[in-house]
Amino acid sequence: MTKLTVEETNLLSIYKTGSRQGLIVAMNAALPFMDGEMRDFAARTLAKVERMGEAEFAELPIYAADEA
């Protein structure tokens, strides 16, 4: 099982769309708009998600960020 940090989990919560593939598409679309360190962090996190299978992704404790 892939280990995620709290920071990685928080980042994934921003882009959670309901599916692993949707999250991957959303994060890839956002990468060009991130600055250096954030882009590197997001790319590393995205690589972890891309290596996961659907079942492993479904078990992650990731909740969509509230829109307020």
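Student: What does E8 touch, not counting residues up to four places away in sequence?
Tutor: E8 touches K3, F41, T45 and K48, where contact means heavy atoms within 4.5 Å. This is a predicted model, in which local features need pLDDT of at least 70, side-chain atom pairs count only at pLDDT 80 or more, and totals for chains, interfaces and linings use all residues. Residues are numbered from 1 along each chain as its sequence is written, and side-chain values use heavy atoms, with hydrogens and water left out.

Student: Is E8 buried or exposed?
Tutor: E8 is buried, at a relative accessible area of 7%. Buried means under 20% relative accessible area, exposed over 50%, and partly exposed in between (1.4 Å probe, protein chains only).

Student: Which helix is E8 in?
Tutor: E8 sits in α1, residues 6-15. Helices are DSSP runs of H or I with at least four residues, numbered from the N terminus.

Student: Which residues of α1 are buried, and what covers them?
Tutor: E8, T9, L11, L12, S13 and Y15 are buried in α1. Their cover includes α2 and α3.

Student: How do α1 and α3 cross?
Tutor: Their axes come within 10 Å and cross at roughly 85°. Axes are lines fitted to C-alpha atoms, for helices over the stretch in contact, and angles run from 0 to 180 degrees between N-to-C directions. The two helices are therefore roughly perpendicular (65 to 115 degrees). On the α1 side the contact is made by E7, E8, L11 and L12, and on the α3 side by M38, F41, A42, T45, K48 and V49.

Student: Now α2 and α3. What angle do they pack at?
Tutor: Helix α2 (residues 20-30) packs against α3 at about 160°, with the axes 11 Å apart. That makes α2 roughly antiparallel to α3 (over 145 degrees).

Student: Which residues meet there?
Tutor: R20, L23, I24, M27 and N28 of α2 meet A42, L46, V49 and E50 of α3.

Student: Which residues of α2 are buried?
Tutor: R20, G22, L23, I24, M27 and A30 are buried in α2. What covers the buried residues of α2 includes α1, α3 and α4.

Student: Last topic, confidence. What is the mean pLDDT of the protein chain?
Tutor: The mean is 91, and 94% of the residues reach 70 or more; pLDDT is the predictor's confidence in each residue, from 0 to 100.

Student: Which elements have the lowest and highest mean pLDDT?
Tutor: Helix α4 (residues 54-58) has the lowest, 92, and helix α3 (residues 36-51) the highest, 97.

Notes:
Angles under 35 degrees count as roughly parallel, over 145 as roughly antiparallel, 65 to 115 as roughly perpendicular and the rest as oblique.
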